[in-house]
Amino acid sequence: MPKINWSNLGFEYLPTACHVRSTFKNGKWSRPALMRTQNITMNIAATCLHYGQACFEGLKAFRCKDGKVRIFRPHENMRRMNDTAKYIHCAELPEEVFIEAVRKAVKANMDYVPPYGTGGSMYIRPLLIGTGPKIGVGPSDQYDFIVLVVPVGAYYKGNIKPVDSIILDDYDRAAPQGTGHVKMGGNYAAGLHANILAKKMGFPIVLYLDSKSKQYVDEFGTSNFIGITKDSKYVTPDSKTILPSITNKSLMQLAKDMGIPVERRPIAFKEIANFAEVGACGTAVVITPIGRIVHGSRSMEYDRKKCGPILKKLYDELTGIQYGEIPDRHNWLMEVK
Ligand SMILES: Cc1ncc(COP(=O)(O)O)c(C=O)c1O
């Protein structure tokens, strides 16, 4: 194993000892097996290459305070992957394949789980792809399910720093009746151009309004939108074109536990200038506070120096549970023995 500088890890691909793979053929999944290679071979007419039959997920394993390694809410990712699979007609994954593969991938790469205290974690990437050949558009009858893992660093070294976001009127992430609610590869290819454009303009993340009316907030490019109102309510969009975030679902529960009222409802764009705090939430960072949102010549400012107090409290609570510093009262963690 190469020597890893845990305090210097980012969010980048790094080879680990192995990945796990299972294959669907003749209507059956094979048992997940460890693979030492980092490559796959497939037919040149595989449906994932031509017609985008590719679903993926992102979840994490943590080295907890007691030294044990635990995975955060893997059954939620399994359900969401199967929702994506259904929508783009891939073979669905039974629990014994999905959970076993995720568990096996972490277990076989235990040395790559960053030590407790470094703020790092192991990012787990399940991938489901159509591998059978097709020239006419249609679903494959063969699939590969791959689980690869990557050690990732603490996104925030020290303080949680707010970032700037931009709304680009000329680009949409998801069509009104399209695929925004599922996690398929094509959605992210479709968002790359706006993403790169925004970065060149100095904005690390793009905020999308609903594509049809442009009157409501949808979500950020790879994270859900959370607003904290001036009277301390947690509000988050209810929209058919956003990805149901597992982090958002968890934070909503924690907010309720703290007595913070939670509203999941359409959020009018004109409302957001009045929010006290705005955050982007997702597995990679938990919560990224938003310092300002720019739309044309208008700029909506929040706290540009630090994370707002309610989002910070929620961030600390969720990361505290993930690292085993706070009791796991909702049974969100699965130990890898
Ligand atoms: C479009 C989009 N929204 C939201 C999220 C956050 O979801 P989660 O909290 O499950 O990581 C992600 C990341 O998976 C995403 O890609």
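How far does a polar side-chain atom of Lys183 lie from an oxygen atom of the ligand? The distance is 2.7 Å, which falls under the polar-contact cut-off, a pair of N or O atoms within 3.5 Å.

Before going on, the ground rules. This is a predicted model, where local features need pLDDT of at least 70 and side-chain atom pairs count only at pLDDT 80 or more, while totals for chains, interfaces and linings use all residues. Residues are numbered from 1 along each chain as its sequence is written, and side-chain values use heavy atoms, with hydrogens and water left out.

Glu219 has a polar side-chain atom 2.6 Å from a ligand nitrogen, and Ser245 has one 2.6 Å from a ligand oxygen. Taken alone, the ligand exposes 380 Å², of which the protein buries 95%; areas come from the Shrake-Rupley method with a 1.4 Å probe.

Now the largest nonpolar core. By that I mean buried Ala, Val, Leu, Ile, Met, Phe, Trp, Tyr and Cys residues joined through side-chain atoms within 4.5 Å, buried being under 20% relative accessible area with a 1.4 Å probe, protein chains only. This core has 38 residues, and Trp29, Ile71, Val106, Ile124, Leu128 and Phe145 touch the most other members. Its largest share, seven residues, comes from α3, helices being DSSP runs of H or I with at least four residues, numbered from the N terminus.

A second, separate core has 26 residues, including Leu251 and Tyr315.

Terms used: Buried < 20%, exposed > 50% of the residue type's maximum accessible area, 1.4 Å probe, protein only. Helix = DSSP H or I, 4+ residues; strand = E, 2+ residues; numbered from the N terminus. Polar contact = N/O pair within 3.5 Å; in protein donor to acceptor, adjacent residues only side chain to side chain.
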